[in-house]
Amino acid sequence: MQFVLPQMSTPVQRAGVACGEAAVDPASEETNGPRRGNEHTGSALLHAALTRENLQAALRRVRANKGAAGVDGLDIAQTAHYLVSAWPGIREQLLAGTYRPSPVRRVMIPKSDGSQRELGIPTVTDRLIQQALLQVLQPILDPTFSEHSYGFRPGRRAHEAVLAAQSYVQAGRRTVVDVDLEKFFDRVNHDILIDRLQKRIPDAGVIRLIRAYLNSGIMDGGVVIERHEGTPQGGPLWPLLANVLLDEVDKELERRGHCFVRYADDCNVYVRSRRTGERVMNLLRKLYARLRLKVNETKSAVASVFTGRKFLGYSFWVAPKGVVKRRVSAKAVATFKQRVRALTRRSGGAACSRWWNGCELTCWGGRATSGWRNPRASGERWTNGYATGCGPSSSCNGSEARRCSGSCASLGFASLSLDPWRQTPGAGGAIAATP
């Protein structure tokens, strides 16, 4: 069903407030929750987010991302039908600052190390609002971020982060300060995040709405649990806000002239000696402590880049003549093999082309397991490490390769593409992608 967004008339400005400016009444400047008044916030950014064109673009993105229903149990099609009549009232609440988001639905996702990652699934209505807000805020905030940040930014991807890291290692910075934050999304301090956001977006209406989302709580087993820290992973807005928070650390590293790469909450700083690395690690502990974040001492380390440290599923090695190359890390390959075993039962063999929505398995890394064959994959013939009909000279088209890329990311690889990454056999049977 096509969802047609009713276009509401532009509200009359309040006396003494210029167009696009927030109200200056101290009583209405609170950001701790929805307003109690009926007047509009005067938020220019909120009005821009709620235009018909922006909302229609947001709805297309929400549909493309698919996703499960939230606590209301409504899927995307059901929500579209519901919003045909309910949207005018929701829009008025958003503009008046009285909108209360629904709690997110808790979902626990198992991780490879046996622990679990908590996801918070918003309702489709809240995903639509967050996506509309993201489309307005991202063009404003993204240009202010560090050039060393690559995660969840338009026009940037994991490949570029790995290439940047490789260039630092090739330049002689063979010691890495590998920092892992302990439960980053669960420990984000709401007050600090709002403070950093207000410095970049001095818009009371937007700040108030984001605060309402932070305070919306999480539902588990029918019980709503209040949250005083942490942002739920699962909403489209939170990766942008994570970059807002962590950009402070990026800028300090830049000011000190360090060579580093950050992808979301994974940060690697490349230095020339272990002594320098220890100083940088102590600096990062202090910088993150200012944000009430904690470094995971078990997973973080100062070490040589060639001692098994991985970044976005890749590790580095030195080829003849001192050329630094990259290859899929041992952990990513092990995850790949485990996934293949789970998909290929001993009974009822199936073609590889059926494993991931019609995508041939080895389009995105058959040689990663050169020398290893899964005897359960009896329904597929193999030649030179490639599934028959899919290899370097196969007819695998671009759309299939793009589908492979998504499957790769789900297995722990930085999603592979055919260009500019040309895969060649590396040491130990792993991929060593050459520029």
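This is a predicted model: local features need pLDDT of at least 70, side-chain atom pairs count only at pLDDT 80 or more; totals for chains, interfaces and linings use all residues.

Residues are numbered from 1 along each chain as its sequence is written, and side-chain values use heavy atoms, with hydrogens and water left out.

So, the sheet. Four strands make an open, mixed sheet, ordered β2-β1-β4-β5. Strands here are DSSP runs of E, at least two residues, and helices are runs of H or I, at least four, numbered from the N terminus; two strands pair if DSSP finds at least two bridges between them. Because β2 (116-121) and β5 (223-225) are at the edges with a single partner strand each, one side of each has no neighbour in the sheet. Strand β1 (residues 104-110) runs antiparallel to β2, joined by six bridges, and V107 sits opposite L119 in β2.

Next, helix α5. Which of its residues are buried? They're A158, H159, A161, V162, A164, A165, Q166, Y168 and V169, with buried meaning under 20% relative accessible area (1.4 Å probe, protein chains only). Their cover includes β6 (259-263), β7 (266-271), β9 (314-318) and β10 (324-328). After α5 comes G172, with a positive phi near 110°.

Last, the pair: L246, V249, E252 and L253 in α9 meet L283, L284, L287 and Y288 in α10, contact being heavy atoms within 4.5 Å.

Technical notes
Buried means under 20% relative accessible area, exposed over 50%, partly exposed in between (1.4 Å probe, protein chains only).
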